[in-house]
Amino acid sequence: HDAETRWREARWHLGAGSPGKALEIIDGAASGEARPDPESTAQLLACRGRALLGLGRYTEALEVLVGAEGWPLKVRLEGLAYRGLGQGLLGDHRAARDTLEGALAEARRHEVVRLEALIASCFATVLWRAEQLVEAAEHFRGAIAAAERVGDAGILSSAQINLAALLKVRGELAPALEMLEAAVDTARRSGRRATLHQALLNLANADLYLGRLERARSSMSAVDEAALTAVAKAQLIGLRAELAEREGLPEEALRLYGECESAWSALGRKRDAAEAALEGVLLALRTSTFQLREVEERLEATRRLIGEEGAHEPLLRIAEARLYLASGDEAEAEARCQLAVEIAETAGQRDWSWRALELHAEVLERTGRAQRARRVRQRALEVVEEIGASLPRDLREVYWNDSRRRALRRATAEPDGVARAAQRAAVLPFLQTTHAAGTGVAAVS
């Protein structure tokens, strides 16, 4: 094989969801193969960087892409897209923004539409991880529009998948489901296995959120587990953990959340590992056998995992509030609830907003402020109603069938004493809200 052939074969394997095989081909120059020209060398390096990102080896990817500015135009823009994505995945959001803003402007200036779509998709993913949801959605829509203009089904379906997951986080369920179904169809027609897997995982995530557990299980079963990337495997473990929790199997769910945390940690994805850890903490606090000291230690370890990145702020504050409430410190619990509400509302994360309000109402009741608790719980119900209002009638019925939403609605209508009993008797599933089925890299093409 010459360099051109290796590059084309590697790209095919990347599109098929096999970054390991792609890397093997890139690094497998035959004995006596002619030295590739500078453009072919740059193409192989860009492809190698992308493969390393797919394997979760982000630092190595950045080392490969370090000289991208000196490459020919199209491969330079591709290399910069992957470099910016890698910087974002490692938590260096400022550097990622600088890289991707410059690359996007250059792609538009030279009217390289396919690469404009790719860069916009990578930029949106980085912005999402930095909790800039409105700007992230704008860039995903830009990526979709550019991919449609140039007819690139791979980038189109990837951007659709990620925009759908982001819309779900913002509580826009109807457009999220519509986008996901379009992404599954696009991925199937394009024959891109990795993209199809990502779409199915996100569809399972949306069905878990709605409470359609059998449909979620079906989407998970449709995935070829042996062909999944390490990132997709971590996502699948997270979905299985949530499914176990929703089915009332807390021990199994806690075990899977631990596995999910370990899988993300092995990939260097501290942000996603922290989310799985926080899910486990919240679930542990809702069991009757938890040890307070053990949970405190786990939460402290999760704070260290997050570090200065500031990821999952509403979720972290809710976990802290729940822990303070369990330890009898209602004042600190209330402060954390209020902070969680403020952060969630500012970020447009309506699902976290109502969960924080619900917990705040519980804290208020615990301290004898029943009337204020009722007002706060009413606010929580209003948020839940807003989220469900855009759904078609059949999905609204499923949405309100969820035990926690049903308990909130019932508790809001009942006298205070009955409301407390209803809330405590409710199953309290913790529903993850991360893009890409429990967090993951955008499925870039």
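The model is predicted. The protein has 24 helices and 0 strands. Of its 445 residues, 57% count as buried.

**Overall make-up**

- The protein exposes about 17800 Å², and carbon and sulfur atoms supply 48% of that area.
- Among contacts in the protein with a separation of 6 or more, 65% are accounted for by residues 24 or more positions apart.

**Helix α17 against helix α18**

- Helix α18 covers residues 330–347, and its axis comes within 8 Å of that of α17, with a crossing at roughly 165°.
- Angles over 145 degrees count as roughly antiparallel, and α17 and α18 are therefore roughly antiparallel to each other.
- The crossing of these two helices, α17 and α18, is left-handed.
- On the α17 side, the contact is made by E313, P314, R317, I318, E320, A321, Y324 and L325.
- On the α18 side, the contact is made by E330, E332, A333, R336, C337, L339, A340, I343 and A344.
- By residue class, the contact of α17 with α18 consists of 11 nonpolar, no polar and 6 charged residues.

**Helix α17 against helix α19**

- Helix α17 (residues 313–326) packs with helix α19 (residues 350–366) at an angle of about 15°, and their axes lie 10 Å apart.
- Because of this angle, α17 is roughly parallel to α19, as angles under 35 degrees count as roughly parallel.
- The crossing in which α17 passes α19 is left-handed.
- From α17, the residues P314, L315, I318, A321, R322 and L325 take part in the contact.
- Their counterparts in α19 are W352, R355, A356, L359, E362, V363 and R366.
- The contact of α17 with α19 comprises 9 nonpolar, no polar and 4 charged residues.

**The setting of L156**

- L156 lies in helix α9, which spans residues 153–169.
- The relative accessible area of L156 is 14%; this residue is buried, because buried means under 20% relative accessible area.
- Apart from neighbours within four places in sequence, L156 is in contact with I144, A147, E148 and T186.
- A146 is 10 residues away from L156 along the chain, and the C-alpha atoms of the two are separated by 8.4 Å.

Terms used:
Residues numbered from 1 in each chain as written. Predicted model: local features only at pLDDT ≥ 70, side-chain atom pairs only at ≥ 80, totals over all residues. Heavy atoms only, no water. Axes fitted to C-alpha atoms, helices over the stretch in contact; angles between N-to-C directions. Helix = DSSP H or I, 4+ residues; strand = E, 2+ residues; numbered from the N terminus. Parallel < 35°, antiparallel > 145°, perpendicular 65-115°, else oblique. Left-handed = near helix turned anticlockwise from the far one by under 90°. Contact = heavy atoms within 4.5 Å. Nonpolar A, V, L, I, M, F, W, Y, C, P; charged D, E, K, R; others polar. Buried < 20%, exposed > 50% of the residue type's maximum accessible area, 1.4 Å probe, protein only. Areas by Shrake-Rupley, 256 points an atom, 1.4 Å probe, with all protein chains shown as cover.
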